[in-house]
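Have the sequence and the model open while reading.

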Amino acid sequence: MRDDERALALVLQHGRTSTAFQALSRGMSHWFDGDRGLVAFARTRGAWVAAGEPVASAGDAIAVAEGFVDSARAAGRRASFFATEGILASSPRFRRTLIGEQPVWDPQGWATHIAAHRSLREQLRRARAKGVRVRRVADAQAVEPRFREGLERIIRRWFAARPMPRMGFLVDVAPLEHLAQRVLFVAERDAHPVAFLSLAPVPERGGWLFEHLLRDPAAPNGTSELLVDHGMRHLAADSVRWASLGLAPLAGDVSGWLRVARAISRPLFNFRGLSAFKRKLRPDSWAPIYLVYPRELPGWIAMLDGLRAFAGGSLVRFAVHTALRGPRPLLRGLTLLLIPWTIALALWPTDPWFPSRAVHVAWVVFDVGLLLLLRQLHRHGDRRGDTRLATMAATVVTADALLTLGQAVWWTWPALQRAGMLTPPAVLAMLAACAGPLVTAPLLWGTVSRLRTLRTADGG
């Protein structure tokens, strides 16, 4: 049961980690150990996944965590703690797995840091030269409908430019919630918001987390760096000594299988790129971040529970939603598969698969044209927001799906029956011919939807 007032009071009293304020995020459930502490967690199938360490004093954190595990077990659920700083591992009941690193700065040294960082100064100069200006948002301005719509447009376009759909748990984006406790900066160009930075407090450390840093895909280079610069200088003026940009997942000396995951997942999420951006800002130190779980629980199950928390439930459903967005890496793979398919189609016997040689040749020409169209779409890319090409490709593939299915039912199946060739390999070949465009069409329409989101805000 959620109790935001009670949770906020505990966060302001005991919040000492970068995940503490996220206890107030949408979708989190709350488990209280009396007035001693709070565990904010996501409910997944069979598990309770805590958002970092318990919000409690350092002396009570382990006892609160153990109570949470016992409560989860009594409810027939597993329990784990995602993105902790490792204090829980001193309990013999827990194990930990490194899942990344967190960069930390002392804002008091930021001005000196910038003076010695030529490439970062150049990024700031570029953004300013393009007319980007940063201002802190007052509470009264944040409730204005026009301002809120500007921020929502940035969020929509930021997610539209990414291969994966929007996630929740520790990466939920809601910069206007609990704004009385946050600090919000907006970057504007020609009086229009193009990026924003939301800071969340880490009260026990007297520090701040750079929680949300989102940039419109069309914003000038250096906009993100300019926001970070303003945030750091603001904190330095307030005598703050601790700031972090939060977890860089899979950064650092993670285990071998996590390094493999980091490599193979790059087309969908560039873990190295995120870490490189944070390293470019030259933090003063890096703190290890862990997944902590009971010793009797296999680590891979705890990791899957954490992934389900980010996905909002089923990983299969999340994968389907990702595919239906038409991410460019997936479409590129399907385009590559179209090459051997078209070659095989050209070499395939006409009789009894096609009504005539002319129909056979027409299908080969059709697939060659489709291949050229898809390659052109890849060249344009998401940033161009070319909905015309994407719509054309989606329409062509939809027509391909309908025509292929129609020919399979009307001609190919009966012809194979008459020729005595309706064998399992022949049926599989027909299914593959029908499945290809039937699967690709919705992916392309997903691409159209994403590009329309990007193009609408461009005024196109």
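## Terms for the lining

Ala, Val, Leu, Ile, Met, Phe, Trp, Tyr, Cys and Pro count as nonpolar. Asp, Glu, Lys and Arg count as charged, and the others, Gly among them, as polar.

## The second largest pocket

The model is predicted. Its second largest pocket holds about 720 Å³ of space. The lining is made of 30 residues. W341, D367, A432, A433 and P437 lie nearest the pocket's centre.

By class, the lining divides into 22 nonpolar, 6 polar and 2 charged residues. Four helices each supply at least two lining residues: α12 (328-347), α13 (357-380), α14 (387-418) and α15 (424-458). The largest share, 9 residues, comes from α15.

## Nonpolar cores

The largest nonpolar core has 52 residues. Inside this core, F68, F81, F82, F169 and L170 have the most contacts. Take F81. Leaving aside neighbours within four places in sequence, F81 is in contact with A50, G52, P54, A65, F68, V69, L88, F94, Y290, L291 and V292.

Another core, of 28 residues, lies apart from the largest one. W105, A127, V194 and V240 are among its members.

## The chain as a whole

The protein chain has 460 residues, and buried residues make up 50% of them. Its secondary structure comes to 15 helices and 13 strands. The C-alpha atoms fill a box of roughly 80 × 60 × 40 Å along the principal axes.

Consider contacts between residues at least 6 apart in sequence: 73% join residues at least 24 apart. The chain exposes about 21300 Å², and carbon and sulfur atoms supply 59% of that area.

How values were computed: Residues numbered from 1 in each chain as written. Predicted model: local features only at pLDDT ≥ 70, side-chain atom pairs only at ≥ 80, totals over all residues. Heavy atoms only, no water. 1 Å grid on protein atoms, 1.4 Å probe; cavity = no way out; pocket = protein on both sides within 12 Å on 5 of 7 lines; lining within 4 Å. Points joined across faces, edges and corners; volume = space filled by probe spheres on them. Core = buried A, V, L, I, M, F, W, Y, C linked by side-chain atoms within 4.5 Å. Buried < 20%, exposed > 50% of the residue type's maximum accessible area, 1.4 Å probe, protein only. Contact = heavy atoms within 4.5 Å. Areas by Shrake-Rupley, 256 points an atom, 1.4 Å probe, with all protein chains shown as cover.
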